[in-house]
Amino acid sequence: MATNALRSLWAEPRPARPSDRRARDRALVAVLICSSVLEAVLREDLAPFPLALVAVLAVVVPLPWRRTHPLVVSVVAFGTVTLVDLVRVLTGTHGTLPSSVAATLLITYALFRWGSGREAVSGLGVILLWLAVTYVAETGSVTEMAAGYAFFLCAAALGAAIRYRTKIRVRDIDQAKARERELLARELHDTVAHHVSGIAIQAQAGRAVAAAHPERAVEALAVIEDAATRTLTELRAIVGVLRSAQDTEFTPRPGVAEVARLATDGQTRPRVEVTLSGELDGLSPAVGAALYRLAQESVTNARRHARHATRVTVAVTGDADRVRLTIDDDGSAAGGRAPAGYGLIGMRERAALLGGTFHAGPAAARGWRVEAVLPRAGTPR
(Lines give C-alpha, C1' and ligand atoms only; values in the text may rest on other atoms or scores of the structure.)
Protein backbone atom coordinates (compact mmCIF):
# COMPACT_ATOMS: atom_id res chain seq x y z
CA MET A 1 0.00 0.00 0.00
CA ALA A 2 2.80 2.40 0.89
CA THR A 3 4.54 1.58 -2.38
CA ASN A 4 1.38 2.32 -4.35
CA ALA A 5 0.95 5.61 -2.50
CA LEU A 6 4.51 6.65 -3.33
CA ARG A 7 4.03 5.68 -6.97
CA SER A 8 0.82 7.68 -7.10
CA LEU A 9 2.58 10.69 -5.58
CA TRP A 10 5.49 10.35 -8.00
CA ALA A 11 3.13 10.21 -11.00
CA GLU A 12 0.96 13.14 -9.86
CA PRO A 13 0.81 15.71 -12.68
CA ARG A 14 0.91 19.45 -12.29
CA PRO A 15 -2.37 21.20 -11.50
CA ALA A 16 -4.07 23.45 -14.01
CA ARG A 17 -2.18 26.55 -15.01
CA PRO A 18 -2.31 29.12 -12.20
CA SER A 19 -3.76 32.58 -12.69
CA ASP A 20 -1.49 35.45 -13.67
CA ARG A 21 -0.39 37.30 -10.53
CA ARG A 22 2.79 38.93 -11.80
CA ALA A 23 1.76 42.38 -10.56
CA ARG A 24 1.36 41.09 -6.99
CA ASP A 25 4.61 39.17 -7.21
CA ARG A 26 6.53 42.21 -8.42
CA ALA A 27 5.13 44.21 -5.52
CA LEU A 28 6.13 41.42 -3.12
CA VAL A 29 9.68 41.37 -4.52
CA ALA A 30 9.93 45.15 -4.14
CA VAL A 31 8.75 45.01 -0.51
CA LEU A 32 11.19 42.23 0.40
CA ILE A 33 14.13 43.99 -1.22
CA CYS A 34 13.30 47.23 0.58
CA SER A 35 13.04 45.42 3.90
CA SER A 36 16.41 43.76 3.25
CA VAL A 37 18.00 47.15 2.58
CA LEU A 38 16.57 48.52 5.82
CA GLU A 39 17.90 45.52 7.73
CA ALA A 40 21.34 45.99 6.23
CA VAL A 41 21.32 49.60 7.39
CA LEU A 42 19.79 49.15 10.83
CA ARG A 43 21.00 45.74 12.01
CA GLU A 44 24.54 44.93 13.05
CA ASP A 45 24.19 41.18 13.57
CA LEU A 46 23.79 40.27 9.88
CA ALA A 47 26.14 38.05 7.94
CA PRO A 48 28.74 39.77 5.73
CA PHE A 49 27.11 41.89 3.04
CA PRO A 50 28.18 39.79 -0.02
CA LEU A 51 26.77 36.58 1.48
CA ALA A 52 23.56 38.27 2.62
CA LEU A 53 23.12 39.90 -0.80
CA VAL A 54 23.54 36.60 -2.66
CA ALA A 55 21.07 34.84 -0.35
CA VAL A 56 18.45 37.58 -0.66
CA LEU A 57 18.69 37.80 -4.44
CA ALA A 58 18.53 34.01 -4.84
CA VAL A 59 15.38 33.77 -2.71
CA VAL A 60 13.51 36.96 -3.63
CA VAL A 61 14.16 37.49 -7.34
CA PRO A 62 12.77 34.08 -8.54
CA LEU A 63 9.52 34.46 -6.57
CA PRO A 64 7.40 35.56 -9.59
CA TRP A 65 8.16 32.20 -11.28
CA ARG A 66 7.46 29.96 -8.28
CA ARG A 67 4.06 28.89 -9.66
CA THR A 68 5.10 28.16 -13.24
CA HIS A 69 8.56 26.69 -12.46
CA PRO A 70 8.35 25.52 -8.83
CA LEU A 71 11.22 23.01 -8.94
CA VAL A 72 13.63 25.37 -10.71
CA VAL A 73 12.87 28.17 -8.27
CA SER A 74 13.28 25.80 -5.31
CA VAL A 75 16.63 24.49 -6.53
CA VAL A 76 17.92 28.01 -7.25
CA ALA A 77 16.75 29.45 -3.93
CA PHE A 78 17.54 26.60 -1.56
CA GLY A 79 20.64 25.52 -3.45
CA THR A 80 22.12 29.02 -3.30
CA VAL A 81 21.27 29.49 0.37
CA THR A 82 22.80 26.08 1.09
CA LEU A 83 26.03 27.18 -0.58
CA VAL A 84 25.96 30.44 1.39
CA ASP A 85 25.55 28.51 4.64
CA LEU A 86 28.39 26.15 3.68
CA VAL A 87 30.66 29.15 3.12
CA ARG A 88 29.64 30.52 6.52
CA VAL A 89 30.42 27.18 8.15
CA LEU A 90 33.80 26.73 6.42
CA THR A 91 34.94 30.31 7.05
CA GLY A 92 33.54 30.53 10.57
CA THR A 93 31.50 33.60 9.65
CA HIS A 94 29.03 34.80 12.26
CA GLY A 95 25.76 36.62 11.80
CA THR A 96 22.32 35.82 10.46
CA LEU A 97 20.79 36.20 7.05
CA PRO A 98 18.14 38.92 6.41
CA SER A 99 14.53 38.18 7.37
CA SER A 100 13.49 38.23 3.72
CA VAL A 101 15.09 34.79 3.36
CA ALA A 102 11.96 33.55 5.15
CA ALA A 103 10.30 33.86 1.73
CA THR A 104 11.59 30.31 1.25
CA LEU A 105 8.36 29.32 3.02
CA LEU A 106 6.44 30.70 0.03
CA ILE A 107 8.64 28.71 -2.32
CA THR A 108 8.03 25.55 -0.28
CA TYR A 109 4.28 26.15 -0.39
CA ALA A 110 4.38 26.77 -4.16
CA LEU A 111 6.41 23.61 -4.74
CA PHE A 112 3.69 21.40 -3.25
CA ARG A 113 0.82 23.54 -4.54
CA TRP A 114 1.87 23.86 -8.18
CA GLY A 115 4.59 21.26 -8.78
CA SER A 116 4.18 17.72 -10.05
CA GLY A 117 4.77 14.76 -7.77
CA ARG A 118 8.32 14.29 -9.03
CA GLU A 119 9.08 17.98 -8.59
CA ALA A 120 7.69 17.99 -5.05
CA VAL A 121 9.75 14.96 -3.98
CA SER A 122 12.92 16.26 -5.61
CA GLY A 123 12.46 19.75 -4.18
CA LEU A 124 11.77 18.33 -0.72
CA GLY A 125 15.18 16.67 -0.75
CA VAL A 126 16.86 20.01 -1.49
CA ILE A 127 14.88 21.69 1.29
CA LEU A 128 15.78 19.05 3.88
CA LEU A 129 19.47 19.30 2.90
CA TRP A 130 19.39 23.07 3.41
CA LEU A 131 17.70 22.74 6.79
CA ALA A 132 20.47 20.41 7.97
CA VAL A 133 23.22 22.76 6.74
CA THR A 134 21.60 25.92 8.10
CA TYR A 135 21.28 24.28 11.51
CA VAL A 136 25.07 23.99 11.59
CA ALA A 137 25.57 27.50 10.23
CA GLU A 138 23.21 29.14 12.72
CA THR A 139 24.35 26.95 15.65
CA GLY A 140 20.86 26.77 17.07
CA SER A 141 19.40 24.42 19.62
CA VAL A 142 17.61 21.16 18.88
CA THR A 143 14.33 22.89 19.65
CA GLU A 144 15.04 25.60 17.09
CA MET A 145 15.99 22.99 14.52
CA ALA A 146 12.77 21.08 15.15
CA ALA A 147 10.78 24.32 14.86
CA GLY A 148 12.47 25.08 11.53
CA TYR A 149 11.60 21.66 10.15
CA ALA A 150 8.04 22.05 11.44
CA PHE A 151 7.61 25.42 9.71
CA PHE A 152 8.69 24.09 6.34
CA LEU A 153 6.77 20.85 6.66
CA CYS A 154 3.66 22.85 7.55
CA ALA A 155 4.16 25.03 4.47
CA ALA A 156 4.50 21.89 2.36
CA ALA A 157 1.43 20.32 3.95
CA LEU A 158 -0.61 23.49 3.42
CA GLY A 159 0.37 23.62 -0.24
CA ALA A 160 -0.58 19.97 -0.73
CA ALA A 161 -3.88 20.45 1.13
CA ILE A 162 -4.89 23.47 -0.97
CA ARG A 163 -3.85 21.56 -4.09
CA TYR A 164 -6.06 18.56 -3.36
CA ARG A 165 -8.92 20.70 -2.09
CA THR A 166 -8.91 22.57 -5.41
CA LYS A 167 -8.70 19.27 -7.28
CA ILE A 168 -11.73 17.92 -5.43
CA ARG A 169 -13.65 21.12 -6.05
CA VAL A 170 -12.91 20.99 -9.78
CA ARG A 171 -14.07 17.37 -9.82
CA ASP A 172 -17.29 18.28 -8.00
CA ILE A 173 -17.94 21.14 -10.42
CA ASP A 174 -17.44 18.80 -13.38
CA GLN A 175 -19.83 16.30 -11.81
CA ALA A 176 -22.44 19.02 -11.24
CA LYS A 177 -22.19 20.06 -14.89
CA ALA A 178 -22.40 16.45 -16.03
CA ARG A 179 -25.52 15.88 -13.94
CA GLU A 180 -27.16 18.96 -15.44
CA ARG A 181 -26.21 17.86 -18.95
CA GLU A 182 -27.66 14.41 -18.29
CA LEU A 183 -30.91 15.82 -16.91
CA LEU A 184 -31.29 18.22 -19.82
CA ALA A 185 -30.56 15.47 -22.34
CA ARG A 186 -33.19 13.23 -20.72
CA GLU A 187 -35.77 15.99 -20.90
CA LEU A 188 -34.93 16.63 -24.55
CA HIS A 189 -35.07 12.89 -25.22
CA ASP A 190 -38.53 12.65 -23.68
CA THR A 191 -39.76 15.57 -25.78
CA VAL A 192 -38.44 14.01 -28.97
CA ALA A 193 -40.00 10.67 -28.04
CA HIS A 194 -43.34 12.44 -27.55
CA HIS A 195 -43.13 14.08 -30.99
CA VAL A 196 -42.10 10.85 -32.70
CA SER A 197 -45.00 9.01 -31.07
CA GLY A 198 -47.36 11.67 -32.41
CA ILE A 199 -45.89 11.33 -35.89
CA ALA A 200 -46.38 7.57 -35.83
CA ILE A 201 -50.03 7.90 -34.72
CA GLN A 202 -50.81 10.54 -37.37
CA ALA A 203 -49.15 8.45 -40.08
CA GLN A 204 -51.25 5.43 -39.13
CA ALA A 205 -54.41 7.53 -39.11
CA GLY A 206 -53.58 9.09 -42.46
CA ARG A 207 -52.99 5.72 -44.06
CA ALA A 208 -56.28 4.44 -42.67
CA VAL A 209 -58.38 7.29 -44.13
CA ALA A 210 -56.39 7.97 -47.30
CA ALA A 211 -58.62 5.90 -49.56
CA ALA A 212 -62.00 7.04 -48.24
CA HIS A 213 -61.16 10.62 -47.16
CA PRO A 214 -58.12 12.02 -49.02
CA GLU A 215 -58.58 15.47 -47.45
CA ARG A 216 -58.09 14.02 -43.97
CA ALA A 217 -54.91 12.35 -45.13
CA VAL A 218 -53.63 15.76 -46.24
CA GLU A 219 -54.45 17.17 -42.79
CA ALA A 220 -52.54 14.30 -41.18
CA LEU A 221 -49.54 15.04 -43.39
CA ALA A 222 -49.60 18.67 -42.27
CA VAL A 223 -49.60 17.60 -38.62
CA ILE A 224 -46.75 15.18 -39.33
CA GLU A 225 -44.77 17.94 -41.02
CA ASP A 226 -45.16 20.27 -38.03
CA ALA A 227 -44.26 17.54 -35.53
CA ALA A 228 -41.25 16.50 -37.60
CA THR A 229 -40.00 20.10 -37.67
CA ARG A 230 -40.26 20.33 -33.90
CA THR A 231 -38.51 16.98 -33.56
CA LEU A 232 -35.59 18.10 -35.70
CA THR A 233 -35.25 21.21 -33.56
CA GLU A 234 -35.09 19.15 -30.40
CA LEU A 235 -32.64 16.70 -31.98
CA ARG A 236 -30.28 19.57 -32.75
CA ALA A 237 -30.48 20.56 -29.10
CA ILE A 238 -29.49 17.07 -28.01
CA VAL A 239 -26.30 17.09 -30.09
CA GLY A 240 -23.27 17.68 -27.91
CA VAL A 241 -25.14 17.11 -24.64
CA LEU A 242 -23.97 14.11 -22.66
CA ARG A 243 -26.62 11.75 -21.40
CA SER A 244 -26.98 8.43 -19.64
CA ALA A 245 -29.22 5.72 -21.05
CA GLN A 246 -30.25 4.58 -17.57
CA ASP A 247 -33.55 5.34 -15.86
CA THR A 248 -35.05 7.14 -18.88
CA GLU A 249 -38.61 8.23 -18.27
CA PHE A 250 -41.15 9.11 -20.92
CA THR A 251 -43.39 11.29 -18.75
CA PRO A 252 -44.11 14.87 -19.88
CA ARG A 253 -41.74 17.42 -18.43
CA PRO A 254 -42.95 20.68 -16.83
CA GLY A 255 -42.88 23.82 -18.91
CA VAL A 256 -43.27 27.56 -18.50
CA ALA A 257 -46.96 27.18 -17.55
CA GLU A 258 -45.96 25.14 -14.51
CA VAL A 259 -43.87 28.04 -13.18
CA ALA A 260 -47.11 29.60 -11.94
CA ARG A 261 -47.59 26.59 -9.64
CA LEU A 262 -44.59 27.73 -7.61
CA ALA A 263 -46.66 30.60 -6.21
CA THR A 264 -47.84 30.29 -2.62
CA ASP A 265 -50.40 32.02 -0.44
CA GLY A 266 -49.60 34.40 2.36
CA GLN A 267 -49.49 31.63 4.97
CA THR A 268 -46.15 30.26 3.77
CA ARG A 269 -42.95 32.22 4.44
CA PRO A 270 -41.45 33.46 2.34
CA ARG A 271 -44.42 34.13 0.08
CA VAL A 272 -43.74 33.30 -3.60
CA GLU A 273 -45.29 35.56 -6.24
CA VAL A 274 -45.17 34.56 -9.92
CA THR A 275 -45.75 36.79 -12.94
CA LEU A 276 -45.90 35.52 -16.53
CA SER A 277 -45.99 38.14 -19.27
CA GLY A 278 -45.09 38.70 -22.90
CA GLU A 279 -44.92 36.16 -25.70
CA LEU A 280 -44.64 32.76 -24.04
CA ASP A 281 -46.48 30.61 -26.59
CA GLY A 282 -44.48 28.38 -28.90
CA LEU A 283 -41.40 28.11 -26.71
CA SER A 284 -39.12 25.16 -27.26
CA PRO A 285 -40.02 22.41 -24.77
CA ALA A 286 -36.40 22.39 -23.62
CA VAL A 287 -36.58 26.11 -22.86
CA GLY A 288 -39.89 25.72 -21.04
CA ALA A 289 -38.51 22.90 -18.92
CA ALA A 290 -35.35 24.90 -18.22
CA LEU A 291 -37.35 27.92 -17.07
CA TYR A 292 -39.29 25.75 -14.65
CA ARG A 293 -36.17 24.00 -13.33
CA LEU A 294 -34.30 27.28 -12.86
CA ALA A 295 -37.25 28.90 -11.10
CA GLN A 296 -37.83 25.86 -8.91
CA GLU A 297 -34.17 25.65 -7.86
CA SER A 298 -34.01 29.40 -7.18
CA VAL A 299 -37.15 29.36 -5.02
CA THR A 300 -35.79 26.38 -3.09
CA ASN A 301 -32.48 28.17 -2.51
CA ALA A 302 -34.30 31.28 -1.32
CA ARG A 303 -36.30 29.27 1.21
CA ARG A 304 -33.18 27.58 2.52
CA HIS A 305 -30.68 30.42 2.54
CA ALA A 306 -32.45 33.80 2.41
CA ARG A 307 -32.41 34.96 6.02
CA HIS A 308 -35.42 37.00 7.15
CA ALA A 309 -36.93 36.85 3.65
CA THR A 310 -40.66 37.54 3.48
CA ARG A 311 -41.22 37.50 -0.29
CA VAL A 312 -39.78 35.85 -3.39
CA THR A 313 -40.86 37.24 -6.76
CA VAL A 314 -40.59 35.15 -9.93
CA ALA A 315 -41.04 36.95 -13.26
CA VAL A 316 -41.01 35.35 -16.71
CA THR A 317 -41.10 37.74 -19.66
CA GLY A 318 -41.01 36.68 -23.30
CA ASP A 319 -40.46 38.60 -26.50
CA ALA A 320 -39.96 37.69 -30.15
CA ASP A 321 -36.43 36.30 -29.72
CA ARG A 322 -35.84 35.38 -26.11
CA VAL A 323 -37.39 34.83 -22.70
CA ARG A 324 -36.13 36.28 -19.42
CA LEU A 325 -36.49 34.71 -15.97
CA THR A 326 -35.88 36.85 -12.88
CA ILE A 327 -36.12 35.71 -9.26
CA ASP A 328 -35.69 38.22 -6.43
CA ASP A 329 -35.96 37.82 -2.67
CA ASP A 330 -35.88 40.41 0.11
CA GLY A 331 -33.61 38.45 2.46
CA SER A 332 -30.83 40.08 4.41
CA ALA A 333 -27.37 40.47 2.88
CA ALA A 334 -25.94 38.39 5.75
CA GLY A 335 -27.32 35.22 4.23
CA GLY A 336 -23.87 34.19 3.13
CA ARG A 337 -24.99 32.66 -0.17
CA ALA A 338 -22.03 32.10 -2.45
CA PRO A 339 -22.44 32.31 -6.25
CA ALA A 340 -19.99 29.41 -6.66
CA GLY A 341 -22.31 26.80 -5.15
CA TYR A 342 -22.73 23.57 -7.10
CA GLY A 343 -26.48 24.14 -7.55
CA LEU A 344 -25.83 27.47 -9.21
CA ILE A 345 -23.09 25.89 -11.31
CA GLY A 346 -25.63 23.39 -12.61
CA MET A 347 -28.13 26.18 -13.33
CA ARG A 348 -25.49 28.14 -15.21
CA GLU A 349 -24.55 25.03 -17.20
CA ARG A 350 -28.18 24.40 -18.17
CA ALA A 351 -28.61 27.96 -19.43
CA ALA A 352 -25.34 27.78 -21.36
CA LEU A 353 -26.30 24.48 -23.03
CA LEU A 354 -29.41 26.17 -24.41
CA GLY A 355 -27.43 29.16 -25.70
CA GLY A 356 -28.51 31.47 -22.88
CA THR A 357 -26.93 33.42 -20.03
CA PHE A 358 -27.23 33.09 -16.27
CA HIS A 359 -26.29 35.37 -13.38
CA ALA A 360 -26.77 35.07 -9.62
CA GLY A 361 -25.63 37.48 -6.95
CA PRO A 362 -26.65 40.11 -4.39
CA ALA A 363 -29.29 42.55 -5.58
CA ALA A 364 -28.55 46.26 -5.75
CA ALA A 365 -30.79 47.18 -2.82
CA ARG A 366 -31.46 44.07 -0.76
CA GLY A 367 -31.61 40.32 -1.06
CA TRP A 368 -30.49 38.04 -3.86
CA ARG A 369 -31.23 38.05 -7.58
CA VAL A 370 -31.14 35.22 -10.10
CA GLU A 371 -31.52 36.11 -13.77
CA ALA A 372 -31.51 33.86 -16.84
CA VAL A 373 -32.02 34.82 -20.47
CA LEU A 374 -32.72 32.02 -22.96
CA PRO A 375 -33.40 32.03 -26.70
CA ARG A 376 -36.94 30.92 -27.55
CA ALA A 377 -35.70 28.05 -29.71
CA GLY A 378 -33.11 26.86 -27.16
CA THR A 379 -30.27 26.73 -29.67
CA PRO A 380 -27.22 25.16 -27.96
CA ARG A 381 -23.75 26.61 -28.34
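**Figure 1. Overview of the protein chain.** Of the 381 residues in the protein chain, 39% are buried (under 20% relative accessible area with a 1.4 Å probe, counting protein chains only; exposed means over 50%, and partly exposed lies in between). This is a predicted model, in which local features need pLDDT of at least 70 and side-chain atom pairs count only at pLDDT 80 or more, while totals for chains, interfaces and linings use all residues. Residues are numbered from 1 along each chain as its sequence is written, and side-chain values use heavy atoms, with hydrogens and water left out. The chain has 10 helices and 5 strands (DSSP runs numbered from the N terminus: H or I of at least four residues for helices, E of at least two for strands). Its accessible surface is about 21,200 Å², and carbon and sulfur atoms account for 61% of that (Shrake-Rupley method, 1.4 Å probe). Of the contacts (heavy atoms within 4.5 Å) between residues at least 6 apart in sequence, 76% join residues at least 24 apart.

**Figure 2. Helices α3 and α4.** The axes of α3 (residues 49–60) and α4 (residues 70–91) come within 8 Å and cross at roughly 165°; axes are lines fitted to C-alpha atoms over the stretch in contact, with angles from 0 to 180 degrees between N-to-C directions. The two helices are therefore roughly antiparallel (an angle over 145 degrees). The crossing of α3 with α4 is left-handed, a term used if the near helix is turned anticlockwise from the far one by less than a right angle. From α3, Leu-51, Val-54, Ala-55, Ala-58 and Val-59 meet α4 residues Val-76, Ala-77, Thr-80, Val-81, Val-84, Val-87 and Arg-88. This contact has 10 nonpolar residues, 1 polar and 1 charged (nonpolar: Ala, Val, Leu, Ile, Met, Phe, Trp, Tyr, Cys and Pro; charged: Asp, Glu, Lys and Arg; polar: the others, Gly among them).

**Figure 3. Helices α4 and α5.** The axes of α4 and α5 cross at roughly 155° and come within 9 Å. That angle makes α4 roughly antiparallel to α5. The crossing of this pair is left-handed. On α4 the contact involves Pro-70, Leu-71, Val-73, Ser-74, Ala-77 and Phe-78, and on α5 Thr-104, Ile-107, Thr-108, Ala-110, Leu-111 and Trp-114. These residues of α4 and α5 divide into 9 nonpolar and 3 polar, with no charged.

**Figure 4. Surroundings of Ser-116.** Ser-116 sits in the loop between α5 (104–114) and α6 (117–138). With a relative accessible area of 15%, Ser-116 is buried. Apart from neighbours within four places in sequence, Ser-116 is in contact with Glu-12, Pro-13, Arg-14 and Arg-163.

Terms used
Angles under 35 degrees count as roughly parallel, over 145 as roughly antiparallel, 65 to 115 as roughly perpendicular and the rest as oblique.
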